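The sequence and the model are shown first.

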Amino acid sequence: MSARRVAVITGGSRGVGAATARELARRGFDVGFTYRNKRARADEIAEDVIGAGGAALALQADITDAAALEAFAAAMRAWRPSVDALILNASGGLERDLVAADPEYPMRINRDAQLATLDALLPLLREGATVIHVTSHWAHLYGTVPQLPDYEPVARSKHAGEEALRARIDDLSQRDVRLLVVSGDLVEGTITAKLLERRSRGLHDARGRDSVTAEELARGIADATLDPSLVSGATVVVGGPLESVPRA
């Protein structure tokens, strides 16, 4: 059995999730992660984790599906007896087909599934473990800054997810588990940045200096995970400061 620490990442096969899997592996973690589809891509990330010295467990799981989430938690229990870090990275709401089929999908993935994932993995979280909610500046500041129409349902539901998770801080503290929020500025190459470029090119250009890469946000997530000085409920900002987000 590995003596390395263990991290679980939702949505770990691409983007920020994949970069975080690689970064945590380099910092001494074995990594279990979910992916929605594209097994070949998930296998590549698992190989990267192994190449960085860690063990990897890649499991296909739609975290909005209770049965799939239960199966993922069972697989994690069989793989490792305890978890040191749970990175709630998976999100959605811009998938036209999913939203067309279920207009409430953004809230189901960005709020309800986050709580369900926490509850499913909570028995595995050891004392001193860290839960990280990954969000965007626009979602973190929802209600105080203008939103792009396409992104508004995502920002609203991610903000609701953050608030719902924060409501669990006292319960988590009783287990000696802390919740941290990592808010990232525009991540290069993501759909949000592309929306800004398409809808409001001047705004995107003005904030280009504050955009971050997936790897930079992953380093911020890893730094927060390993920083014992951060108290439960703290918000870690990666990229431009929150004050730089344009107000109305």
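Two strands are taken to pair if DSSP finds at least two bridges between them. In S7, Val237 is the bridge partner of Ser183. The model is a predicted one. The secondary structure of its protein chain comes to eleven helices and seven strands.

**Overall composition**

- The protein chain has 248 residues, and buried residues make up 51% of them.
- Among contacts in the protein chain with a separation of 6 or more, 75% are between residues 24 or more positions apart.

**The sheet**

- An open sheet is formed by seven strands with parallel pairing, and their order is S3-S2-S1-S4-S5-S6-S7.
- Strand S3 (56-60) and strand S7 (235-238) stand at the edges; each has a single partner strand, so one side of each is left without a neighbour in the sheet.
- On average, and with direction ignored, neighbouring strands of this sheet are turned by 20° against each other.
- Helix H7 (residues 152-166) packs on the sheet, where H7 touches strand S4 (83-88), strand S5 (125-136), S6 and S7. The direction of H7 makes about 155° with that of S5.

**Strands S6 and S7**

- Strand S6 (residues 178-184) and S7 run parallel and are joined by four bridges.
- Val181 has Thr235 as its bridge partner in S7.
- In a regular strand, side chains alternate between the two faces of the sheet.

**Strands S1 and S2**

- Five bridges pair strand S1 (residues 5-9) with S2 in the parallel sense.
- Ile9 stands opposite Phe33 in S2.
- S2 is mostly covered, with seven of its seven residues buried.
- Both faces of S2 are covered: one side carries Phe29, Val31, Phe33 and Tyr35, the other carries Asp30, Gly32 and Thr34, and all are buried.

**The largest pocket**

- The largest pocket holds about 1,100 Å³ of space.
- Its lining comprises 43 residues, of which Arg14, Asn89, Ala90, Ser91 and Gly92 are the closest to the centre of the pocket.
- By class, 18 of the lining residues are nonpolar, 16 are polar and nine are charged.
- At least two lining residues each come from helix H1 (15-26), strand S2 (29-35), helix H5 (105-121), S5, H7, helix H9 (191-199) and helix H11 (214-225).

**Residues with positive phi**

- Most residues other than glycine have a negative phi.
- Lys38, a residue other than glycine, has a positive phi near 60°. Lys38 is found in the loop between S2 and helix H2 (39-51).
- Lys38 counts as exposed because its relative accessibility is 52%, and the cut-off for exposed is over 50%.
- Asp176 is not a glycine either, yet its phi is positive, at about 60°. Asp176 lies in the loop between helix H8 (169-174) and S6.
- The relative accessible area of Asp176 is 44%, so Asp176 is partly exposed.

How values were computed: Residues are numbered from 1 along each chain as its sequence is written. This is a predicted model: local features need pLDDT of at least 70, side-chain atom pairs count only at pLDDT 80 or more; totals for chains, interfaces and linings use all residues. Side-chain values use heavy atoms; hydrogens and water are left out. Axes are lines fitted to C-alpha atoms, for helices over the stretch in contact, and angles run from 0 to 180 degrees between N-to-C directions. Contact means heavy atoms within 4.5 Å. On a 1 Å grid over the protein atoms alone, a cavity is a set of points where a 1.4 Å probe fits but cannot get out, and a pocket is an open set with protein on both sides within 12 Å along at least five of seven lines; lining residues have an atom within 4 Å of a point. Grid points are joined across faces, edges and corners, and a volume is the space filled by probe spheres set on the points. Ala, Val, Leu, Ile, Met, Phe, Trp, Tyr, Cys and Pro count as nonpolar, Asp, Glu, Lys and Arg as charged, and the others, Gly among them, as polar. Buried means under 20% relative accessible area, exposed over 50%, partly exposed in between (1.4 Å probe, protein chains only).
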